[in-house]
Amino acid sequence: MSDEKILYVISRAAYSNASGQEALDAILIGASFDLDVSVLFIHDGVFQLKQGQQSSDKGLKLFTKTYKALADFGVEKIYIHDLSIASRGLTQSDLICTVTPLDSLAVGELIAQQAKVFTF
Amino acid sequence: MSTLFVLNRSWHDSVWLFEQLAFARPGDSIVLIEDAVLALQSPINLGSFSAKCASMKISVYALQDDCQLRGINNQYRSISMIDYLSYVNLVVQHDKQVAW
């Protein structure tokens with residue numbers, strides 16, 4: 001694994017534009033280049049991990065399911081901002097996968113450690 | 001490793017703005033662009049925000065063009081109005097950007 005630390009920040013909910021799908025694509029590309037990848041869900045981005053997402057439109061892919069499988073692609077550092085989930089009436093048990101909660105100060109530390117940060 | 005935090009969304013209650021203080025480190029900067037400049041018009045006084053930024057050695061800027069376009073006046077002396085050239089200089093001066 002390279003020393004280059006890259007953080008992908010997901011700060012918007014999933015389906016109103018392409019940014020959610022683009023974030024996932026970018027994460028998978030970063031992982032395939034063996035970079036030291038971390039992912040942070042913050043603000044409305046936490047809704048991307050909410051359980052119970054359903055689509056009646058066959059053309060609309062529920063790409064967020066892939067987040068459950070990120071570890072298989074070598075992305076093991078997945079974080080969520082604890083205040084963002086709490087302030088949206090969610091708890092860890094509402095999420096599709098287990099992620100590491102971080103308080104605001106820990107989010108600041110995570111950002112400070114990175115060489116590059118990509119926000120979606 | 002300094003970080004430039006770029007905010008472009010309106011936060012009606014300014015919570016998001018205040019939260020940047022937990023994320024930022026001394027030497028970092030915060031720039032308000034697009035709808036984020038609406039925070040300058042917030043009924044919540046940003047005086048305590050500005051004071052905290054000053055004590056943490058975090059600089060705060062707002063993009064002048066975006067303020068003018070929205071009819072927003074900056075009432076805070078500690079928040080500097082900048083043009084696009086200064087904005088580009090800030091991007092160059094910091095090691096990385098977090099735009100959210």
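I took helices (H or I, at least four residues) and strands (E, at least two) as DSSP runs, numbered from the N terminus. This is a predicted model: local features need pLDDT of at least 70, side-chain atom pairs count only at pLDDT 80 or more, and totals for chains, interfaces and linings use all residues. Residues are numbered from 1 along each chain as its sequence is written, and chains are lettered from A and ligands numbered from 1 in the order in which they are written.

Chain A. I found an open sheet of five strands, ordered E4-E3-E2-E1-E5, with parallel pairing (two strands pair if DSSP finds at least two bridges between them). Strand E4 (100-102) and strand E5 (116-119) of chain A are at the edges with a single partner strand each, so one side of each has no neighbour in the sheet. I looked up E1 (residues 5-10) and E2 (residues 36-41) of chain A: six bridges, parallel. A:Tyr8 has A:Val39 in E2(A) as its bridge partner.

Helix H1 (residues 19-32) of chain A lies across E1, E2 and E5 of chain A, at about 165° to E1(A). Axes are lines fitted to C-alpha atoms, for helices over the stretch in contact, and angles run from 0 to 180 degrees between N-to-C directions. Contact means C-beta atoms, placed from the backbone, within 7 Å.

Chain B. I read the strand order E4-E3-E2-E1-E5 here, five strands in an open parallel sheet. Four bridges join E1 (residues 3-7) of chain B to E5(B). B:Val6 stands opposite B:Ala99 in E5(B).

Contact. I noted 13 residues from chain B and 13 residues from chain A. Helix H1 (15-23) and strand E5 (96-99) of chain B each supply at least two residues of chain B's side.

Technical notes:
Contact = placed C-beta atoms within 7 Å.
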